[in-house]
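Let's take a walk through this model together, strand by strand.

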Amino acid sequence: MASLITAVRSKLLQAIRSVNPPGRWKILVVDEHSQKLLGSVLKQFDILEENVTLIESISSHREPQQFEAVYLLMPTTQNVNRIIKDFSDGRQQYLGAHLFFVDGLSETLFEHLTTSPAEPHLKGLQDLFVNFWATEAQTFSLQSPGLFFNAYSPPRNEAAFKSARSKLEEELRFVSKTIANVCITLNEFPYVRYYMPTHHAPLGPLKPNDQTRAPPPPEGSSRWRTNLARGDAARAYEVADTDFVTKLLAFMVQQNLDEYRRINPEFPKASDPPRPRGTLIITDRSMDTIAPFIHEFTYQAMCNDLLQIDDGTKYMYKFQSSVGSYEDKIATLSDADSVWTTVRHMHMREAIDKLMADFNKFMEENAGFKGEGAASLNDMKDMLANLPQYQEQREKFSLHLNMAQDCMNLFEKHKLPLVANVEQCCATGLTAEGKTPKTLVEEMVPLLDSQEVINANKVRMVALYIQHRDGVPDEDRRRLYQHARLSMADQDAVNSLVHLGVRISRGPSDKDTKKKLKHKTCSDDEYELSRYRPLLRTVIEEHCANKLDPALFPYVKDSPAVLSPAASLKQTTPQTTSLRSAKPSWHKAVRPNVHAESKQRVIVFVVGGMTYSEIREAYSLSTSLNKDIYIGSTHAITPRNFVDDLRVVEIAGVGSRAVPNGVSLAGAHHSYQDYYDEKYLSPDPPAPQRPTLPVPKDSKHSASKLVKTLSSTSSASMIGSGTVEKEEKKKKKGLFRF
């Protein structure tokens with residue numbers, strides 16, 4: 001299966017390698033965002049290994065160099081002007097410029113470049129389409145949590161609907177281009193289908209409103225029975241009722257992919273053996289408002305829920321050194337950590353057993369490091385060579401055993417066995433025995449009254465119970481808040497579920513909400529506190545079995561020919577493995593009817609945040625359904641983040657961690673390029689000031705000495721600027737800042 005991290009890394013390295021100047025050495029020029037993107041998939045050493053002698057920031061003041069340069073930049077007006085400035089007004093910053101843009105460069109900026117004084121110095125230009133964060137092998141993110149408020153925050157008044165909608169559409173245009181980048185990177189031209197809710201109207205700025213809805217049709221047009229006969233006016237008026245965020249985004253993605261294919265007719269390039277065409281499924285957070293509240297007990301999800309992990313990757317813990325003292329360390333949880341990738345989707349009990357078994361095996365295999373010594377000089381030599389790897393692996397085991405232990409301590413301290421049982425009954429509508437829960441309130445109220453249960457968990461229980469009941473009378477909701485002693489902010493979090501299409505208040509005559517997409521009970525799970533499965537699992541399973549309702553998930557354009565469920569799971573016959581393949585396969589048996597490059601792909605995108613349980617399902621279903629499944633979102637969320645965002649969704653995110661000042665209340669920019677330029681704006685540093693050296697008035701000797709010093713300094717810098725030997729010395733000294 002193609003890893004997204006590997007795919008992005010390969011594209012970036014390929015771009016750098018493609019530049020082979022006569023002098024062998026080259027300079028890499030980056031901006032603030034492209035530098036972070038590079039750093040997310042490559043180490044500085046990997047870049048310098050590609051004959052890169054220096055990495056420079058385009059926004060800094062740079063001395064002219066006698067090397068060709070690889071520009072890896074965002075396609076902004078600011079960066080294009082900086083490139084032109086490097087080769088204008090008699091200035092030649094480098095011997096030549098090879099331009100690589102992270103995203104697609106607009107035609108306007110392309111013409112601006114090619115008609116500028118820099119044009120004779122440009123040796124190549126290419127769009128890479130890698131502007132997304134490959135956070136895991138099968139996971140990608142925009143890292144834009146503020147989009148949650150753009151999509152779901154209600155406009156402050158009737159007059160604000162139009163500007164709020166135009167702002168949302170602008171943000172969705174950016175999201176659509178990012179999703180298209182993922183498809184292009186994977187060489188996939190997918191079918192596109194999207195979630196169309198049936199139990200609520202469009203949300204946030206897309207809520208039907210006179211400010212944004214087309215004018216009503218003329219009188220008498222409603223008498224026509226067919227949609228075609230009613231005319232364009234009637235259809236335009238009614239389209240506002242189905243303008244869901246998922247629909248708008250899906251049509252934008254399709255438009256971007258069609259445009260890219262028009263310019264690049266060979267896309268997607270044929271694979272050998274042929275790969276069945278994949279599908280992109282676009283959904284949003286309102287489809288499943290249960291999953292973000294549930295306590296998950298698989299390793300990755302539980303750690304991100306209970307521990308203080310920054311952005312799902314950075315964790316501070318105490319490490320015991322070889323002398324027995326404890327020191328604070330910051331660990332990075334990523335695909336580079338083999339221990340993490342092995343256990344992250346296991347249930348916590350299984351993960352602890354696996355960690356203990358692997359750690360004991362590791363210590364047995366490295367018994368020499370525990371004091372048994374070396375039998376010979378060769379043994380000692382081997383031990384010293386393996387010492388860094390031994391210490392690194394030991395630290396990894398120490399990290400994950402610490403994390404697992406901390407999670408289990410909090411599991412007991414916060415009464416999570418009792419809390420999670422209530423959550424599971426609310427989420428599934430069934431007890432562990434498979435019966436309708438009849439004593440749910442009796443089990444929940446003591447926990448709401450308890451001071452040992454933290455308020456955050458009470459909010460989650462109340463939110464799940466209200467959803468289980470499909471809304472409760474206002475008086476019952478008030479009593480629940482009273483039992484739990486919820487603050488006004490916590491009450492706001494529960495009440496704000498209405499902005500995600502959830503009914504929280506119910507009258508005596510209200511009927512049950514009819515939802516076409518329902519949770520399926522999971523009978524094969526041995527853990528009573530892990531019975532709930534995210535709705536996304538049902539969607540993917542039904543899609544792969546050709547059972548997903550086309551009215552609930554319509555296709556934007558063309559749809560695949562209907563196959564039987566059995567036929568859809570078939571794979572092409574494996575071909576003989578070549579001895580020239582990059583990865584030898586003689587060390588493991590080849591599974592029948594599976595080929596690494598022939599699996600059909602399913603790409604899922606969740607507007608408004610994806611949970612770690614949904615990420616886990618993507619990996620799990622890849623194996624069980626024999627598909628390559630990728631999942632992405634505007635950002636990854638934890639229950640804590642989700643509740644925090646719900647508290648302020650009513651006020652456009654003011655006070656949130658993502659956008660402390662709230663989302664912009666102004667409308668869209670004049671053009672998409674203006675929006676893009678503002679998003680990736682990086683301020684230029686102040687011009688360096690030349691130091692003014694005092695010259696003594698009464699000393700001619702001192703003045704001549706000063707002139708001599710300045711001239712010798714400048715000549716030395718001129719001589720040294722073009723020598724490779726000095727650059728190599730700098731590299732060895734670690735003077736590059738990246």
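Start at Leu72, whose bridge partner in strand S4 is Phe100. Helices (H or I, at least four residues) and strands (E, at least two) are DSSP runs, numbered from the N terminus. To get from S3 to S4 the chain passes through helix H4 (residues 77-86), and this β-α-β crossover is right-handed: with the strands pointing away from the viewer, the path from the first strand over the helix to the second runs clockwise.

A word on what you are looking at: this is a predicted model, in which local features need pLDDT of at least 70 and side-chain atom pairs count only at pLDDT 80 or more, while totals for chains, interfaces and linings use all residues. Residues are numbered from 1 along each chain as its sequence is written, and side-chain values use heavy atoms, with hydrogens and water left out.

Now look to the other neighbour, strand S5 (residues 122-127), which runs parallel to S4 and is joined to it by 5 bridges. Here Phe100 stands opposite Gln126. S4, helix H5 (residues 107-114) and S5 again make a right-handed β-α-β unit.

Next, find the open sheet of 6 strands, in the order S6-S7-S15-S13-S9-S8 and with mixed pairing. Strands S6 (133-136) and S8 (191-194) stand at the edges with a single partner each, so one side of each has no neighbour in the sheet. Within this sheet, S9 (residues 279-284) and S13 (residues 601-607) run parallel, joined by 6 bridges, and Ile281 has Val604 as its bridge partner.

Finally, the cysteines: a search of the whole structure finds 0 disulfides (pairs of cysteine sulfur atoms within 2.5 Å). For Cys407, the nearest cysteine sulfur is that of Cys303, 3.8 Å away. Cys407 is buried, with a relative accessible area of 0%.

Terms used: Pairing = 2+ DSSP bridges. Buried < 20%, exposed > 50% of the residue type's maximum accessible area, 1.4 Å probe, protein only.
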